[in-house]
Amino acid sequence: MEAILFIGLQASGKSTFYQQRFFNTHVRISLDLLRTRHRELQFLQLCLQTSAKLVVDNTNPTPEDRARYIGLCKARRYQVIGYYFQTSLPDALARNRLRQGRDQVKDIALYDVRKKLRPPSFQEGFDRLFSVRIQGDGFVVQEWRKEEPDVQEPPDRLG
């Protein structure tokens, strides 16, 4: 059983990455779609009870935000994998301006998440971690090695 947590700014490619890599294999849990934490928790619990593979497609900027999912998933013996979406604030703001309707968020929301954003750590309970960057029309994914000491910022962190 596999639980994937996305971590990163809005407009950093998380939902597109989900559609390209996990749409056919993993249930998507998104606060943007479910609208309330109560609904999100109910849906997450249903996924865990049915042993569904899942992706939590939220910003998850802090260890505390991620802990709510990691604890529940680990209790159900899930392998927990983190994908850290690296992008600069100016790039995320530019991509956000290209969004339409409800998909576009106010600039202040990006500034707020950027201020809180902390890279994930194996010490949080992740079994595997990856960094993801948008490159051209695709993504560059790099796995973090567990034997390397956790650092506050990945070596190729962008702005």
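From the N terminus onward, the elements of the protein follow the order β-α-β-α-α-β-α-β-α-α-β-β, which comes to 6 helices and 6 strands. Helices (H or I, at least four residues) and strands (E, at least two) are DSSP runs, numbered from the N terminus. The model is predicted, so that local features require pLDDT of at least 70 and side-chain atom pairs pLDDT 80 or more, whereas totals for chains, interfaces and linings use all residues. Residues are numbered from 1 along each chain as its sequence is written, and side-chain values use heavy atoms, with hydrogens and water left out.

The protein has a radius of gyration of 15 Å, in agreement with the value near 15 Å for a compact globule of 159 residues; this radius is taken over C-alpha atoms, and the globule rule is 2.2 Å times the number of residues to the power 0.38. Along the principal axes, the C-alpha atoms fill a box of roughly 40 × 40 × 30 Å. Among contacts (heavy atoms within 4.5 Å) with a separation of 6 or more, 73% are between residues 24 or more positions apart.

Of the 159 residues, 43% count as buried. Buried denotes under 20% relative accessible area, exposed over 50%, and partly exposed the range in between (1.4 Å probe, protein chains only). In soluble globular proteins, nonpolar side chains tend to be buried together. A nonpolar core is here a set of buried Ala, Val, Leu, Ile, Met, Phe, Trp, Tyr and Cys residues joined through side-chain atoms within 4.5 Å. The largest such core has 29 residues, and Leu5, Leu54 and Phe126 have the most contacts inside it. At least two residues of this core come from each of several elements, including strand 1 (2-7), helix 3 (37-49) and strand 4 (79-86). A second, separate core has 12 residues, among them Ile4, Ile81, Tyr83 and Val132. Beyond its neighbours within four places in sequence, Phe126 is in contact with residues including Leu5, Ile7, Ile70 and Val80.

Several loop positions were also examined. Ala11, in the loop between strand 1 and helix 1 (14-21), has a positive phi of about 65° although it is not a glycine. Ala11 is buried, at 6% relative accessibility. Arg35, in the loop between helix 2 (31-34) and helix 3, likewise is not a glycine but has a positive phi of about 75°. Arg35 is partly exposed, with a relative accessible area of 45%. Leu117, in the loop between helix 6 and strand 5 (128-135), is buried at 3% relative accessible area.
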